[in-house]
Amino acid sequence: MEDKIKFLDVETGEEIDFYIIEETRINNINYLLVAEDNDDTEEAAAYILKDLSSAEETEARYEMVENDDEIEYVSKIFGELLDDVELER
């Protein structure tokens, strides 16, 4: 997947481009696995974003998943979807 998403850090006002590695839907919630770098040759920090937008909103509203249990559960799902990628915490 080569899609990019712009993420606005509301605390700093900084806009960050993320590359979308994979996406999935769990319990009617959309999740994105993203990375700042699109270089497959090195280890890259990856983040899980959770879609908080309602069906009426025209733009998606994501936040980084910070709950340890949720991160572990969703990471396992992404790990199964991506055979060639190893996810570590």
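Here's a quick tour of this protein, from its overall layout down to a few individual residues. What you're looking at is a predicted model. The protein has one helix and five strands, and reading along the sequence gives you the pattern β-β-β-β-β-α.

**The big picture**

- The protein has 89 residues, and 27% of them are buried.
- Its accessible surface comes to about 6800 Å², and carbon and sulfur atoms account for 41% of that surface.
- If you take the contacts between residues at least 6 apart in sequence, 26% of them join residues at least 24 apart.

**Strand β1 and its partner**

- Strand β1 covers residues 4–8 and pairs with β2 in the antiparallel sense, over five bridges.
- Two of the facing residues to look for are K6, which stands opposite D17 in β2, and L8, which stands opposite E15 in β2.
- β1 and β2 make a hairpin, with six residues between the two strands. In that turn, G13 has a positive phi of about 80°.
- In a regular strand, side chains alternate between the two faces of the sheet.

**From β2 into β3**

- β2 and β3 run antiparallel too, joined by seven bridges.
- Here R25 stands opposite N30 in β3.
- These strands also form a hairpin, this one with two residues between them. N27 sits in the turn and has a positive phi of about 50°.

**The helix**

- Helix α1 runs over residues 68–81, which makes 14 residues. From its first C-alpha to its last it reaches 20 Å, close to the 20 Å expected at 1.5 Å a residue.
- Which residues of α1 are buried? They are E70, I71, V74, S75 and F78. They cover an arc of only 125° around the axis, which means they sit on the same side of α1.
- An α-helix has 3.6 residues a turn, so residues three or four places apart point the same way.
- Look to the other side of α1 and you'll find D69, K76 and E80, which are exposed.
- What covers the buried residues of α1? The cover includes β2 (15–26), β3 (29–35) and β4 (46–51).
- N67 caps the N-terminal end of α1. One of its side-chain oxygens lies 3.0 Å from the backbone nitrogen of D69.

**A closer look at K50**

- K50 is part of strand β4.
- Is K50 buried or exposed? Residues under 20% relative accessible area count as buried, so K50, at 18% relative accessibility, is buried.
- Leaving out residues up to four places away in sequence, K50 touches I29, N30, Y31, R61, Y62, E63, V65 and E70. Among these, E70 is one of the buried residues of α1, and N30 is the residue in β3 that R25 stands opposite.
- K50 and A60 are 10 residues apart along the chain, and their C-alpha atoms are separated by 9.7 Å.

Key: Residues are numbered from 1 along each chain as its sequence is written. This is a predicted model: local features need pLDDT of at least 70, side-chain atom pairs count only at pLDDT 80 or more; totals for chains, interfaces and linings use all residues. Side-chain values use heavy atoms; hydrogens and water are left out. Helices (H or I, at least four residues) and strands (E, at least two) are DSSP runs, numbered from the N terminus. Buried means under 20% relative accessible area, exposed over 50%, partly exposed in between (1.4 Å probe, protein chains only). Contact means heavy atoms within 4.5 Å. Accessible areas come from the Shrake-Rupley method with a 1.4 Å probe; for residues, only the protein chains shown count as cover. The expected span of a helix is 1.5 Å times one less than its number of residues. The arc is that of the directions from the helix axis to the C-beta atoms. A polar contact is a pair of N or O atoms within 3.5 Å; within protein, one must be able to donate a hydrogen and the other to accept it, and residues adjacent in sequence count only if both atoms are side-chain atoms. Two strands pair if DSSP finds at least two bridges between them.
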